Amino acid sequence: MTAELASERIQQAERIVVLTGAGMSAESGIATFRGTEESLWSRWDPQQLATPEAWSAHPQTVWGWYRYRHAGIQAAAPHAGHLVLASHDNCEIITQNVDDLHERAGSTTVTHLHGRLDAFRCHLCHRPISVAPPQQPLSLTADLTKCPQPSCAGYARPGVVWFGENLPTDAWEHAVQSASTCDVAVIIGTSGLVYPAASLPGIAADHGAFTIEINPERTPLTPQVDLYLCAAAADIVPQLFS
Ligand code: BV8
Ligand code: ZN
């Protein structure tokens with residue numbers, strides 16, 4: 001019943017905003033941010049590693065973690081859910097994810113609220129630095145990649161937004177604008193814990209949008225959405241959007 005209603009709302013909608021979180025990449029083999037996947041860095045809380053403080057205290061460990069995740073993104077492929085969203089003409093993607101799976105599926109309107117892991121830049125002069133995914137077996141720490149600018153003492157950092165860093169202004173303003181003007185907001189695979197991204201479903205609802213949440217687990221967003229679908233993204237998104 002709820003899936004049929006969701007599909008109807010999506011088919012009737014003029015403007016759809018799809019807000020995705022790490023759960024959208026889970027079935028592509030990329031561990032969710034708060035999942036329990038075992039790794040060399042399992043003893044760290046990602047929330048502690050993804051911070052400027054961790055970068056300045058143990059840069060090689062943080063860099064090793066991002067190299068490991070870069071390799072994981074490289075090895076992953078978009079699933080049926082990414083592909084059907086990419087072929088749906090009036091839906092725009094706003095993602096918290098730092099991978100490029102939506103783009104690789106063919107989506108052209110993707111807003112990254114938390115940046116892109118593979119958009120490496122110098123941590124001092126902010127010059128873009130291209131860094132190939134690691135080939136050699138991974139270790140807990142990795143040698144830092146020097147900034148190519150001889151006079152700069154900086155190193156490459158991932159192009160992500162760390163906790164305590166501001167979101168890119170244009171990305172955030174665009175996301176608020178889209179959430180405020182869409183007919184339907186579909187929230188897929190986010191635990192709804194990270195702000196300000198987690199406030200977007202409420203902004204959409206406050207402006208009259210019909211809100212749908214897709215997640216195998218209930219979240220703090222579940223009580224505030226119109227429809228909650230207890231399902232995995234790759235299963236249900238193709239049903240709702242094709
Ligand atoms: C900012 C990039 C201004 C790095 C990330 C106290 C209270 C409230 C807020 C704060 C506070 N103290 C500080 C803050 C602000 C803070 C924040 O929100 N903290 C929270 C955690 C308490 N936010 C910030 O710092 C932001 N900046 O506010 O600037 C400012 C400035 C200075 C000081 C204060 C404020 C910056 C936030 C960005 C952080 N960077 N990522 C990296 O990736 O390494 S966030 C990180 O979490 C990822 O991007 C991830 O996308 C994001 C959210 O996680 P989810 O995507 O939801 O993933 P998660 O694993 O949590 O959940 C997965 C879900 O999928 C689950 O629900 C699961 O059930 C579901 N799932 C699993 N499988 C499937 C599935 N769903 C569907 N299908 C499946 N198959
Ligand atoms: Zn530099």
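Me: How far apart are the closest N and O atoms in the salt bridge of Arg 116 with Asp 118?
Reply: A salt bridge places a side-chain nitrogen of Lys or Arg within 4 Å of a carboxyl oxygen of Asp or Glu. Arg 116 and Asp 118 form one. Their closest N and O atoms are separated by 2.9 Å.

Me: At what pLDDT do side-chain atom pairs count in this predicted model?
Reply: Residues are numbered from 1 along each chain as its sequence is written, chains are lettered from A and ligands numbered from 1 in the order written, and side-chain values use heavy atoms, with hydrogens and water left out. This is a predicted model: totals for chains, interfaces and linings use all residues, local features need pLDDT of at least 70, and side-chain atom pairs count only at pLDDT 80 or more.

Me: How many residues apart are Arg 116 and Glu 103?
Reply: Arg 116 also forms a salt bridge with Glu 103, at 3.5 Å between the closest N and O atoms. This pair links distant parts of the chain, strand β4 and helix α7 (residues 101-105). Helices (H or I, at least four residues) and strands (E, at least two) are DSSP runs, numbered from the N terminus. The separation of Arg 116 and Glu 103 is 13 residues.

Me: Which residues do salt bridges that share partners join into one network?
Reply: The structure holds four salt bridges. Those that share partners make one network, of Glu 103, Arg 116 and Asp 118.

Me: Is the site of the zinc ion (ligand 2) tetrahedral or irregular?
Reply: Donors are N, O and S atoms within 2.8 Å of the metal (3.2 Å for Na, K and Ca). The protein donors are the SG atoms of Cys 122, Cys 125, Cys 147 and Cys 152, at 2.2 to 2.3 Å from the zinc ion. Four donors count as tetrahedral if all angles lie between 85 and 135 degrees. Here the angles run from 105 to 118°, and the site is tetrahedral.

Me: How far apart in sequence are the parts tied together by Cys 122 and Cys 152?
Reply: Cys 122 lies in strand β4 (residues 115-122), Cys 152 in the loop between β4 and β5 (156-160). Cys 122 is buried at 0% relative accessible area, and Cys 152 is buried at 10%. The pair ties together parts whose sequence separation is 30 residues.

Me: Which residue does Pro 196 join through a cis peptide bond?
Reply: Most peptide bonds are trans. Pro 196 sits in the loop between β6 and α9 (200-206). Its cis bond, with omega about 0°, is to Tyr 195.

Methods: Four donors count as tetrahedral if all angles lie between 85 and 135 degrees; four count as square planar and six as octahedral if opposite donors are over 155 degrees apart and all others between 65 and 115; anything else is irregular. Buried means under 20% relative accessible area, exposed over 50%, partly exposed in between (1.4 Å probe, protein chains only).
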